[in-house]
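Here is a short report on a predicted model. Keep the structure open while you read.

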Amino acid sequence: MAPTSSLTPSQERLLLWSLAAIQFTHIVDFMVMMPLGPQLTRLFSLTDAQFGVLVSAYSLAAGASGLLASLVIDRFDRLRALLVLYAGFTLATLACGLAPTYLSLMLARVAAGIFGGVLGALVQTIVGDAIPFERRGAAMGIIMSAFSLSTVAGVPASLWVAAHWGWHAPFIVIALASAVVWLMVWRTVPGLPGHVVNAGQNAWQRLHAVIGDLNHWRAFGLSALMVMGSFSIIPYITIYTTTNLGLTQEQVPLIYLVGGVATFFTARLWGRLSDRWGKVNTFRALCVVAVLPMLGLTHLDSPSLWLILLASTGFFVFVSGRMVPGMALLTAAPAPALRGGFMSVNSALQSAAMGLAAWIGGELISRAPDGRVLGYERTGWLALATTVVLVWGVGRVRLHTAPPRTP
């Protein structure tokens, strides 16, 4: 494997697209469970609560594993850690596809969450280690585009497979695809031994170094606020647009299709812009512009499909766009030797912030006697409040922008 400092432009591209492929597979694995709900509840005779536990098991396991990984992740070469975790994720996903009972499926989802939850943090850590800060925005744009591709292509394709061959098939296909990606990663991702922490150091001392730094908590707060404003809105988009605006169930996929296609291209645009204009400046500009679709979507009262798509697509383009320079900045908040632990803790806190935001959003809205959603506009005002703090707080995070060290 080539050392990080000697990567050619073509090797860098192979590295980034390999990491994006990892993101794609584990995001599809997480997202496909929700639309499979009708098949699973019917097959296993589940209540809504039991299915909810099945879905949340992945996120809860991911959050817990992120915290535990922060204790040891910086003791290992990034490539070895990535290959072990991705192999575990692949086997756990295969186990989901082979699960014969509700309990076995639950255990397989927990295992997938344990491995998959750390993968996202480790992918971002490797980007921080391997890509110089001045090009890290464009790199994050490529990584973040995997989410858009999973929405546009991965989930619909998985549902098509499930419709023809049963609910087991999507997980088996994802596992097979992951095995191919594993081989690609093994051939293209460089080892990063220069960032391995002395194995003799106490794990709790390293965790204290991560969570005892005030600058890290400024970055953690920035990360949590990035998702809190948006995830108080996102879970209720379908409910609001169908109940209040008259969107049909057949039209709902258009929101995610159009939004996913748009963000697939704009994520890389925001990445290149953040490298040229500055990541803090780009982040602040995207935050300010994102307020318009956040307020527009939550206050919309027109049944026009075009206005709904304009508001929802603007929401996905600019709200998710903040994550590109935002995550590039977060990778520079810790010192390189602590980056793996920092990103693991950040992943766990981000998962918690998403869950908290969804709960707050549910508390802010209510139902009228005729079933219409009331108070959805409050989630827009909450998003505005978080944006104000984001624009102010991003300038208070101290960055380590030195180029990667030579192993």
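A nonpolar core is a set of buried Ala, Val, Leu, Ile, Met, Phe, Trp, Tyr and Cys residues joined through side-chain atoms within 4.5 Å. The largest such core here has 70 residues. Leu19, Ile22, Leu82, Val127, Val185, Val189 and Phe283 touch the most other members. Helix H5 gives the most to this core, with 9 residues.

Take Val185 next. Leaving out residues up to four places away in sequence, Val185 touches Ser18, Ile22, Leu79, Leu82 and Leu83.

Now helix H5, residues 102-130. Of its 29 residues, 21 are buried, so the helix is mostly covered.

Helix H11 covers residues 252-277. Val258 and Trp270 both lie in this helix. How do they compare in exposure?

| Residue | Relative accessibility | Class |
|---|---|---|
| Val258 | 31% | partly exposed |
| Trp270 | 11% | buried |

Trp270 counts as buried because its 11% falls under the 20% cut-off. Beyond its neighbours within four places in sequence, Trp270 is in contact with Thr282, Leu286, Val317, Phe318, Gly321 and Val324. Trp270 and Leu286 are 16 residues apart in sequence, and their C-alpha atoms are 8.8 Å apart in space.

Val258 belongs to a nonpolar patch on the surface, together with Leu254, Leu257, Val261 and Phe265. The patch has about 390 Å² of accessible area in total.

Methods. Residues are numbered from 1 along each chain as its sequence is written. This is a predicted model: local features need pLDDT of at least 70, side-chain atom pairs count only at pLDDT 80 or more; totals for chains, interfaces and linings use all residues. Side-chain values use heavy atoms; hydrogens and water are left out. Helices (H or I, at least four residues) and strands (E, at least two) are DSSP runs, numbered from the N terminus. The expected span of a helix is 1.5 Å times one less than its number of residues. Buried means under 20% relative accessible area, exposed over 50%, partly exposed in between (1.4 Å probe, protein chains only). Patches are made of residues with over 30% relative accessible area and no salt bridge: like charges are joined within 9 Å, nonpolar side chains (Val, Leu, Ile, Met, Phe, Trp, Tyr) within 5 Å. Accessible areas come from the Shrake-Rupley method with a 1.4 Å probe; for residues, only the protein chains shown count as cover. A salt bridge is a side-chain nitrogen of Lys or Arg within 4 Å of a carboxyl oxygen of Asp or Glu. Contact means heavy atoms within 4.5 Å.
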